[in-house]
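Thanks for coming. I have one structure to go through today, and I will keep it short.

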Amino acid sequence: MIKILIFFIVLIAGVILGPLLAGHQGYVFIRTDDYDITTSVTSLILCFILLQFILLFFGWCYRRFISTTSRTKGWVSGRKYHKAHSQTQKALLKLAEGDFDQVEKLMSKHADFSQQPVINYLLAAEAAQQRGDEYRTNQYLNKAAEVAGNDQLPVDITRVRIQLAADEVYAARNGVDKLIDQAPRHPEILRLAEQAYMRSGAYQALIELLPIMAKVQLHSEDELEALKLKAYKGLMNQCMAEDGSEGLIKWWKAQPRKIRQETALQSFLAEHLIECDDMANAEKIIIDGLKHQYDERLLLLAPRLQSDKPELLEKVLKQLFKQSGATPLLNSTMGQIALRHAQWEQAESYFKAALAQRFDAHDAAWLADALDKLHKAEEAAKIRQEALLHSLNKARS
């Protein structure tokens, strides 16, 4: 750049000094409407050079001004960035303390200058929701959506979380449906879906998500199993409320064979059918289940059946004696059925066998009732006294 400047200076000097040395400066005449300008070539060149220097000076001044302004803006912006970072750190501490007023204030102030303004606005929105300020909550969510650009997923997730916290269940469910279409394997979306579907009664939608939850290991196997049973129980409640036992049976028959063979679901269905006073179908479900395996959940329901022909159930229970042995629950179940059908001696035998294996206050009470029917008052009184002492000792411990 300096070489070019020196070259132009030498060239201009040559143009000026050449005519002077030769005694010929030249002649320039410029005419306008009102003025005539007459000058020599040398003077014109000198004026041109002076004008160039003036323009260079103004250019230097402008660049100097811009540079100073940029440094000033940079200093102000840097101060704001530092302030925003400091306030964000303080807000996180206040969040741990549960001071949502300060969290909202610190997160929202200078949020645009923080490293992640979206996070600041989202945390401010959650803090405002905790205070019950719906207007500011929506305001912060809208600001977060503006600065998020194309990455709207964190904003939408926070919006659904806030809707669930505000008990806007159906709005949250609508938001979850859209989120699942965008990111079906996102762990937080699946957690929100679990809450939204369970609280809105969308049990079938929740059941359909269970395989995905298992793949991403959102819950342990036991937790997923408990969640599945809870969802199916909710479905059965809906069917029972809408169409009674007929609706339940129709829904059950439409389920895959694998589902119909699950003992836990069989016990849920039988319990619902008993509540509907559909003893015939309930008995069929219990008997079919016990034929395949010994299950205490089905055994506990057996005494609640009111059947005129208990022979089928008794036959299955006796078969279980051979397969699984005389368990306390099996003896107790047989005793209750015998008691219901006024088979006092059999009831006495079964309840005594159950109590010999483990003491149970209910079995003792039922045994006492059977002994009363057999006119064994003293023995019945002794059993009741033992049951009372057992209950008192248990309460003290």
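Predicted model: local features only at pLDDT ≥ 70, side-chain atom pairs only at ≥ 80, totals over all residues.

Start with helix α10, which runs over residues 221–253. With 33 residues, a straight helix at 1.5 Å a residue would reach 48 Å. Here the end C-alpha atoms of α10 are only 26 Å apart. Where is the kink in α10 centred? The answer is Asp243, and the kink there is about 130 degrees.

Ala241 is also in α10. Is Ala241 buried or exposed? Ala241 counts as exposed, because its relative accessibility is 69% and the cut-off for exposed is over 50%. In sequence, Ala241 is 35 residues from Cys276, while in space the two are 9.9 Å apart, C-alpha to C-alpha.

That brings me to the cysteines. Cys276 has a relative accessible area of 25%, so it is classed as partly exposed. Cys239 is at 14%, and since buried means under 20%, Cys239 is buried. How many disulfides does a search of the whole structure find? The number is 0.

Next, the surface. There is a nonpolar patch of about 750 Å². Its members are Leu50, Leu51, Ile54, Leu55, Phe57, Phe58 and Trp60. Take Ile54 as one of these: it sits in helix α2, residues 41–97. Ile54 has a relative accessibility of 37%, which means that it counts as partly exposed. An α-helix has 3.6 residues a turn, so residues three or four places apart point the same way.

Last, two backbone angles to check on the screen. Asp167 is not a glycine, yet it has a positive phi of about 65 degrees. Which loop holds Asp167? It is the loop between α6, residues 153–165, and α7, residues 169–182. The side of the cut-off is clear for Asp167: at 54% relative accessibility it counts as exposed, because exposed means over 50%.

The other residue is Ala342, with a phi near 60 degrees, again a positive value in a residue other than glycine. Ala342 is found in the loop between α16 (328–340) and α17 (344–357). With a relative accessible area of 42%, Ala342 is partly exposed.

To recap the bend, α10 has its kink of about 130 degrees centred on Asp243. That is what I had; I can take questions now.

Note on methods
Residues numbered from 1 in each chain as written. Heavy atoms only, no water. Disulfide = S-S within 2.5 Å. Buried < 20%, exposed > 50% of the residue type's maximum accessible area, 1.4 Å probe, protein only. Helix = DSSP H or I, 4+ residues; strand = E, 2+ residues; numbered from the N terminus. Expected span 1.5 Å × (residues − 1). Bend = angle between axes of the 7 residues up to and from the residue. Patch = residues over 30% accessible without salt bridge, like charges linked within 9 Å, V, L, I, M, F, W, Y side chains within 5 Å. Areas by Shrake-Rupley, 256 points an atom, 1.4 Å probe, with all protein chains shown as cover. Salt bridge = Lys/Arg side-chain N within 4 Å of Asp/Glu carboxyl O.
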